[in-house]
Amino acid sequence: MHVVVNAAVSADGKLSSRRREQLAISGADDFARVDQVRAASDAIVVGVGTVLADDPHLTVKDEDLREQRREDGRPPNPARVVVDSNGRTPTDAEILDDEAATYVCLSEAAPVDRRADLADRAELITAGDERVDLLRAFAALREAGLERIMVEGGGELIFSLFEAGLVDELRTFVGPNVIGGRDAPTLADGEGFVADFPTLDLESVDRLDDGVLLTWRVDER
Ligand SMILES: NC(=O)C1=CN([C@@H]2O[C@H](COP(=O)(O)OP(=O)(O)OC[C@H]3O[C@@H](n4cnc5c(N)ncnc54)[C@H](OP(=O)(O)O)[C@@H]3O)[C@@H](O)[C@H]2O)C=CC1
Ligand SMILES: Nc1nc(O)c(N)c(N[C@@H]2O[C@H](COP(=O)(O)O)[C@@H](O)[C@H]2O)n1
């Protein structure tokens, strides 16, 4: 399995404002690049915080890229995955439509009625007691044949994936704005590290739109 985290941050490292509404930090060229990364992936993963904030669709937007996937014998869109301990994903969420397969990773704590609602629209994976155990959930995704994984956020999930040692590559588009706010989400939130910080090898730096794309390999821990 290869896990790429891709996100767009402001020049001060924020994913969004303190209102946690979806903000376009990327420009047109970066969104086109993101579409290519999606098209090259078997699955796109987000946390339920992103689903609740953005109601993302997580599909490939460019019809040529979808057609290329069909020609390669793959479904036109990668699978979508929500990490959602308690089954908070709304049943009318875009991510549950029939444009692509969807997996919802739950914990044992997810209420039975939420499981039943979600099971009509998605494959359910249960891993962890109170919170999704990411090592087990990602092992289940791998067993389902999903090898090339793109994670799009948000900051809580990205931190946990680094903590679990699951990230192979980090691609960060840094946009030309300052968002600020101590409560605004950043690339990696969660508890934060105080020692044994994950370290990265800088692979490339590319000017893109009015910002810069940083591609990092994550060192083994
Ligand atoms: N600029 C960009 O590129 C992007 C920006 N965003 C922005 O990010 C914000 C959302 O990010 P954020 O609030 O951090 O939410 P996340 O999308 O990271 O989801 C976090 C939630 O996932 C659930 N979860 C379950 N298991 C785990 C686990 N093991 N580790 C971590 N989380 C787990 C938790 O909810 P529970 O306990 O209920 O399961 C948790 O609160 C929005 O403002 C959105 O607009 C999002 C993506 C990309
Ligand atoms: N790469 C990138 N740049 C930004 O500026 C963004 N705001 C995001 N957001 C991510 O894209 C999701 C929306 O996807 P759909 O257009 O609905 O398919 C959003 O939920 C974030 O994960 N990404």
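I began with ligand 1: 31 residues surround ligand 1, and the closest are Gly47, Gly49, Gly153, Gly154 and Ser160. I counted a residue as near a molecule if its C-beta atom, placed from the backbone, lies within 6 Å of it. The elements giving two or more residues to this shell are β1 (2–9), β2 (43–47), α2, β6 and α6 (155–163). Helices (H or I, at least four residues) and strands (E, at least two) are DSSP runs, numbered from the N terminus. I noted that α2 gives the most to the shell around ligand 1, with five residues. By class, I have twelve nonpolar, eleven polar and eight charged residues around ligand 1. Nonpolar here is Ala, Val, Leu, Ile, Met, Phe, Trp, Tyr, Cys and Pro; charged is Asp, Glu, Lys and Arg; the others, Gly among them, are polar.

On sources, this is a predicted model, in which local features need pLDDT of at least 70 and side-chain atom pairs count only at pLDDT 80 or more, while totals for chains, interfaces and linings use all residues. Residues are numbered from 1 along each chain as its sequence is written, and chains are lettered from A and ligands numbered from 1 in the order in which they are written.

Next I looked up ligand 2. I found 16 residues around ligand 2, with Ala8, Ile25, Ser26, Asp54 and Pro56 the closest. Two or more residues of this shell come from each of α2 (48–54) and β6 (148–153). The shell around ligand 2 divides into eight nonpolar, six polar and two charged residues.

Then I took the helix pair. The axes of α1 (residues 28–39) and α3 (residues 63–71) come within 10 Å and cross at roughly 15°; axes are lines fitted to C-alpha atoms, for helices over the stretch in contact, and angles run from 0 to 180 degrees between N-to-C directions. α1 and α3 are therefore roughly parallel to each other, the term for angles under 35 degrees. I recorded Asp35, Gln36 and Ala39 of α1 and Leu65, Gln68 and Arg69 of α3 as making the contact, for which C-beta atoms, placed from the backbone, lie within 7 Å. This contact has two nonpolar, two polar and two charged residues.

Last, I checked the backbone. A cis peptide bond joins Gly153 and Gly154, with omega about -5°. Gly154 lies in the loop between β6 and α6. Arg20, in the loop between β1 and α1, has a positive phi, near 55°. I noted both because most residues other than glycine have a negative phi, and most peptide bonds are trans.

Terms used: Angles under 35 degrees count as roughly parallel, over 145 as roughly antiparallel, 65 to 115 as roughly perpendicular and the rest as oblique. Two residues are in contact if their C-beta atoms, placed from the backbone, lie within 7 Å.
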